[in-house]
Amino acid sequence: MNAAGLTRPRRLAPGARIAVVAPSGPVVEERLQEGLDVLRGWGLDPVATPQVTDRHPQFRYLAGEDEKRARDFQDAWCDPGVDAVMCGRGGYGVQRMVDLLDWEALRAAGPKVLIGYSDVTALHEAFAVRLGLSTLHGPMASTLAFINNATTQQSLRTTLFEPEAALVLGLPGARPLVPGRARGVTVGGCLSLLAADLATPHGRQSAEGGLLLLEDVGEEDYRLDRTLTQLLRAGWLEGVIGVALGSWKDCGPYEERVRPVLRERLGRLGVPVVEDLGFGHCDTALTMPLGVPAVLDADSGTLTLEMPALA
């Protein structure tokens, strides 16, 4: 992994157009409008693409057919008037559409800001591998965390407009699972999606040299164990410099069942690990830049970027 990080898109300014897309599941119209109102309140010009509230005729968990979702995303990214693309929600579906994207066309459109998490992890990985582009693991427009939580909103807003003011990331509750300090380039996202990306055309071969960000939702302890073990057996975790853990919502009692799995599986890496950093499927979903050099200090519970997330 390039120690200097990936290409960073430009920061946004008032009046910038941000397209809201649905590469995964369909978006609830009412929540979408609330999210668009938040963006308008920041002085942005948000526009929802045609596919956002659509549903697949057979698989109702998808926001329309794969080809349509891919075209919707690509049209938004390649529109010269669009400065950023924000996903409306996660769910499932990116892996069905990501191979349908025209990567040369996306590259020709130039660096832009991509925002999302959860299922969008597959897009983050593809953008890193295929375009060498830094992205934002951040809240999505129709999620309650974005609509209702002031900390979540402020984290994204600062990152978009004043990224130099968002260099130190973390919440007061963050604490060391394995003490220590490390420097590397941020990488990662939703644990189950990273494992699902193994051996795919857009998945990286390893996270060597990376500060690995991990979180997930709705996975029982044995399934977290299985997924981490898969990454370990595949060699994907070899050379990881440090690990930052986000939320594990609905994964069982954290102290009793989740934390022991994370400690046992990740502790063998021999690198610093910080927990409860405050990103992912949680109310305070901090925006975490991917592909940016940073220092992880597990003892102080912070991740400090060495440069602003956006240029």
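Trp 42 and Phe 146 are both buried in this predicted model. Their ring centres lie 5.8 Å apart and the ring planes meet at 80°, so the pair is edge-to-face, given that planes over 60 degrees apart count as such. Trp 42 belongs to the loop between helix H1 (29–41) and strand E2 (45–48), whereas Phe 146 belongs to helix H6 (residues 144–148); the pair therefore ties together parts that are 104 residues apart in sequence. A pair of aromatic rings is described by the distance of the centres and the angle of the planes.

An aromatic pair is also formed by Trp 103 and Phe 127. The geometry of this pair is edge-to-face, with 5.5 Å from centre to centre and 75° between the planes. Trp 103 is part of helix H4 (residues 103–108) and Phe 127 is part of helix H5 (residues 121–131), so that distant parts of the chain, 24 residues apart, are linked. The relative accessible area of Trp 103 is 6%, and that of Phe 127 is 0%. Both values fall under 20%, and Trp 103 and Phe 127 are therefore buried. Ring pairs join Trp 103 and Phe 127 with Phe 73 and Trp 77 in a cluster. In total, the structure holds seven aromatic pairs.

The strands are described next. An open sheet is formed by eight strands, in the order E6-E14-E13-E8-E9-E10-E11-E7, and its pairing is mixed. Strands of a sheet pair through backbone hydrogen bonds, either parallel or antiparallel.

Strand E6 (residues 168–169) pairs with strand E14 (residues 302–305) in the antiparallel sense, over two bridges. Within this pairing, Val 168 has Thr 304 of E14 as its bridge partner. E14 also pairs with strand E13 (residues 293–297), again in the antiparallel sense, over four bridges. Here Leu 305 in E14 stands opposite Ala 294. E13 and E14 form a hairpin, with four residues between the two strands. Gly 301, in the turn of this hairpin, has a positive phi of about 70°.

E13 pairs in turn with strand E8 (residues 181–190), in the antiparallel sense and over five bridges. In this pairing, Val 295 of E13 stands opposite Arg 183.

Definitions and conventions:
Residues numbered from 1 in each chain as written. Predicted model: local features only at pLDDT ≥ 70, side-chain atom pairs only at ≥ 80, totals over all residues. Heavy atoms only, no water. Phe/Tyr/Trp six-rings, centres within 6.5 Å; stacked < 30°, edge-to-face > 60°. Buried < 20%, exposed > 50% of the residue type's maximum accessible area, 1.4 Å probe, protein only. Pairing = 2+ DSSP bridges.
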